[in-house]
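I opened this notebook to record what I looked up in one structure.

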Amino acid sequence: MRTTDVIVIGAGHNGLVAACYIARAGLSVLVLERRPVVGGAAVTEELMPGVRVSAASYSLSLLRPDVYRDLELARHGLAFTPKDPQMFVPLPDERHFFVWRDETRTQDELARIHRPDAEAYRRWGRFWDEAVSLLRPFAESPSPPPPLEVERSWGAAAPTCGASRSRAAPPSLWRRSSSRMRCEASSRPRESSVRGRGRGSQARPG
Ligand SMILES: Cc1cc2nc3c(=O)[nH]c(=O)nc-3n(C[C@H](O)[C@H](O)[C@H](O)COP(=O)(O)OP(=O)(O)OC[C@H]3O[C@@H](n4cnc5c(N)ncnc54)[C@H](O)[C@@H]3O)c2cc1C
């Protein structure tokens with residue numbers, strides 16, 4: 001009878017990474033996947049004959065450097081292609097804008113549509129630059145703390161996280177900023193034709 005130390009259910013990228021680390025630790029591991037392809041939501045599939053696309057996830061956001069290194073993903077063929085423009089955003093009135101890697105270029109696009117949004121985009125970028133620099137050490141720590149713990153520690157003092165030590169965070173940066181955005185959105189709901197679109201979904205993950 002075949003025996004195994006660990007069974008991983010689901011061959012999405014998290015299941016696959018976990019299985020690789022388990023195998024590296026010397027245990028036998030069996031990955032069970034219900035679909036005929038592995039990769040979960042981070043998979044390339046031929047949706048139409050000759051057209052291979054990423055079926056769900058469209059952007060690599062949070063690959064941990066240690067996973068990339070440990071699993072020798074470069075040697076196994078992983079290559080990165082930065083996309084530029086990052087997004088094409090059609091508006092209901094047939095206008096559109098692109099989100100480029102170059103912030104100024106994106107601002108120029110937004111200014112054509114609604115000038116205050118161009119300035120807001122710059123502030124939005126500064127917010128995410130700060131938020132990402134504070135959050136990244138948590139996300140990349142060997143044992144990321146739960147979000148509530150992060151928020152509590154930010155409210156009290158500079159957070160520490162495993163071997164990583166983040167610089168002091170303004171208390172409740174996340175909550176303050178998101179509530180401010182909610183206020184802006186509800187106080188001037190019709191001012192902007194581009195509010196809620198664009199960079200938000202990618203959150204400048206780097
Ligand atoms: C539409 C969409 C767009 C996204 N875009 C991005 C993006 O651009 N960038 C980004 O970083 N993240 C993106 N995400 C999020 C990202 O795809 C997920 O965080 C990631 O796929 C989670 O990986 P996972 O391995 O935990 O789960 P999944 O990728 O969901 O994989 C789970 C796997 O388990 C299998 N499975 C489930 N149940 C069973 C079972 N009972 N038996 C056997 N197999 C089972 C499934 O078939 C699947 O293969 C997006 C998600 C969606 C849905």
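The entries below concern a predicted model.

**Entry 1: overall fold.** I began with the secondary structure and found 6 helices and 8 strands in the protein. I then read the elements along the sequence and noted the pattern β-α-β-β-β-α-β-β-α-α-α-β-β-α.

**Entry 2: burial and contacts.** I looked up how much of the protein is buried: 7% of its 206 residues count as such. I next took the contacts between residues at least 6 apart in sequence, and of these 38% join residues at least 24 apart.

**Entry 3: Gln86.** I located Gln86 in the loop that runs between helix H2 (65-70) and strand S5 (87-90). Is Gln86 buried or exposed, or does it fall in between? I counted 16 other C-beta atoms within 10 Å of Gln86, and it is therefore partly exposed; a buried residue would need 20 or more, and an exposed one 12 or fewer. Finally, I checked Gln86 against Phe98, which lies 12 residues away along the chain. The C-alpha atoms of Gln86 and Phe98 are 7.4 Å apart.

Note on methods. Residues are numbered from 1 along each chain as its sequence is written. This is a predicted model: local features need pLDDT of at least 70, side-chain atom pairs count only at pLDDT 80 or more; totals for chains, interfaces and linings use all residues. Helices (H or I, at least four residues) and strands (E, at least two) are DSSP runs, numbered from the N terminus. Two residues are in contact if their C-beta atoms, placed from the backbone, lie within 7 Å.
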